[in-house]
Amino acid sequence: MTAPALPACLTEKRPAWRQTAWRQTAWRLLILLLRITVLVVLTITGVLLLFQHRVIYHPQPYPPGVPLRAGIERVEFTTAEGRQVCWWVPGRANDVVWLCFASEHRQGRDAMKVLVTGAAGNAGQARMWHDFLPDPEQGLLLIEFPGYGDSAGNASPASIMAASDGAVAVLRQRLGSLPPLAVLGHSLGAAAALQFAAAQTRAGTPVSRIILIAPFTRLVDMARLVVGWPLCHLLRHRYDNQLCLREIIAGPQPLPRIDIFHGLNDTLIPPAMSRTLAGESPTIKRHEIAGADHNDVLIEIIPALQVLIR
């Protein structure tokens, strides 16, 4: 039995000009799609590179006319960023000098706004520590980030490190000699504190105490949470708290006492990051504060800080 013939429309070959036109149209669409993709990627990359500084840092000047509280002294020096201004609060004993690095997150509850001197809720200024610790047993050297408060320039890991070294050098000249140093920092300030402590370990003069409040593991880990992979690797400000902790732990004995505080309701920096950092050594003491968020934790641990900073 002979099979029925197929319709001519199904058996006839398309003219060569039709095949060529279809292929040309497909290539044009593919090239257009590739161009749009490249343009979108370049735009996102450019935005991340140009504006990441504004995302990480939020410098605020001190309002004019706000008087300096009694017991706090101005410390001025110059770095590559220009004139820097930090603050010295002499303690009753001064057996240890605590370098205190301000937090970065600026929005807090009303209690924070009341506590921060002249900052209208801005916890990103170093003088906040004098509000939390108004009558310290030990001296407090309050480190201002470049561009913050009365300091000139722009903040970065290198410029903050230079400001830390400059403030310590000026204080050494003022006092004649320095007692052992210790560091305290909240949020991004914890990263600044750790990079200073790691540098001191490399220099053979390790700090005696470290207090970290709401620290992250690495800033690139925070960027991964916000923009995902692989865009997180466009980050230029590579704070690495894990690496700094490992350097400190691998340093000379005895190791400094390290305390980490983190609010369990922190939605900005996950508490799991503090647990990861604490896992670097069994000697690290971790304190989880129930009900506290990223800013509230500062309020909740004031009694503990007043005991530890002695």
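Colleague: Let me start with one side chain: is Arg 246 buried, partly exposed or exposed?

Modeller: Keep in mind that this is a predicted model. Buried means under 20% relative accessible area and exposed means over 50%, with partly exposed in between. Arg 246 comes out at 44%, so Arg 246 is partly exposed.

Colleague: Which residue does Arg 246 form a salt bridge with?

Modeller: The general idea is to look for a side-chain nitrogen of Lys or Arg within 4 Å of a carboxyl oxygen of Asp or Glu. Here the partner is Glu 280, and the closest N and O atoms are 3.0 Å apart. The two are 34 residues apart and link distant parts of the chain: Arg 246 sits in helix 8, while Glu 280 is in the loop between helix 9 and strand 8. Glu 280 is partly exposed too, at 22%.

Colleague: What about Arg 257 and Asp 259, how do their side chains meet?

Modeller: In a salt bridge, 2.7 Å from N to O. Check each end separately: Arg 257 is partly exposed at 33%, whereas Asp 259 is buried at 0%.

Colleague: And which residue pairs with Arg 286?

Modeller: Glu 288, with the closest N and O atoms 2.6 Å apart. Arg 286 is partly exposed at 42%, and Glu 288 is partly exposed at 32%.

Colleague: How many salt bridges are there in the whole structure?

Modeller: The search finds 10. Look out for networks as well: Arg 74, Glu 76 and Asp 150 are linked in one.

How values were computed. Residues numbered from 1 in each chain as written. Predicted model: local features only at pLDDT ≥ 70, side-chain atom pairs only at ≥ 80, totals over all residues. Heavy atoms only, no water. Helix = DSSP H or I, 4+ residues; strand = E, 2+ residues; numbered from the N terminus. Buried < 20%, exposed > 50% of the residue type's maximum accessible area, 1.4 Å probe, protein only.
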